[in-house]
Amino acid sequence: MLSEAIAKIERENRQLKELLQRTYETVPKPRQCESCKYYVRHYGRQNGEYYRIYTGHCICGVPLGKRKGKSRPTLEDTCLCFEEGVC
């Protein structure tokens with residue numbers, strides 16, 4: 001009886017994981033510089049501890065003129081070298 005309940009829960013869990021995976025694949029990712037793999041975040045240091053500074057720079061190697069001419073592209077205006085990175 002207990003093993004049947006466990007098996008049922010495991011089946012339901014697998015189905016939910018598959019559903020989440022399909023949903024995750026269809027949701028568009030934000031194309032902001034901060035989520036690009038070529039973005040290097042800047043940090044500050046105070047009293048021996050590091051903290052985030054909400055700025056950074058791009059290391060993709062594409063000149064600004066070829067990135068639609070913008071140093072800070074908007075969501076609709078993302079540079080050509082954008083690749084999703086690990087946030």
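Trainee: Is Cys-58 buried, partly exposed or exposed?

Mentor: This is a predicted model. Burial is read from relative accessible area, where buried means under 20% and exposed over 50%. Cys-58 has a relative accessible area of 31%, so Cys-58 is partly exposed.

Trainee: Which class does Cys-36 fall into?

Mentor: Cys-36 counts as buried, because its relative accessibility is 8%. Across the 87 residues of the protein, 15% count as buried.

Trainee: How many disulfides does the model hold?

Mentor: A disulfide is a covalent bond between the sulfur atoms of two cysteines. The test applied here asks for a pair of cysteine sulfur atoms within 2.5 Å. By that rule the count is zero disulfides. For Cys-58, the nearest cysteine sulfur belongs to Cys-60 and is 3.3 Å away, and Cys-58 is in no disulfide.

Trainee: What stands opposite Cys-58 in the strands?

Mentor: Start with the elements: the protein has one helix and two strands, in the order α-β-β along the sequence. Strand S1 covers residues 39-46 and strand S2 residues 49-58; the two run antiparallel and are joined by eight bridges. Tyr-39 is the residue opposite Cys-58 of S2.

Trainee: Which residue takes a positive phi in the hairpin?

Mentor: Two residues lie between the strands of the S1 and S2 hairpin, and Asn-47 takes a positive phi near 55°.

Trainee: What share of the contacts joins residues 24 or more positions apart?

Mentor: Among contacts in the protein with a separation of 6 or more, such pairs account for 35%.

Definitions and conventions. Residues are numbered from 1 along each chain as its sequence is written. This is a predicted model: local features need pLDDT of at least 70, side-chain atom pairs count only at pLDDT 80 or more; totals for chains, interfaces and linings use all residues. Side-chain values use heavy atoms; hydrogens and water are left out. Helices (H or I, at least four residues) and strands (E, at least two) are DSSP runs, numbered from the N terminus. Buried means under 20% relative accessible area, exposed over 50%, partly exposed in between (1.4 Å probe, protein chains only). Contact means heavy atoms within 4.5 Å. Two strands pair if DSSP finds at least two bridges between them.
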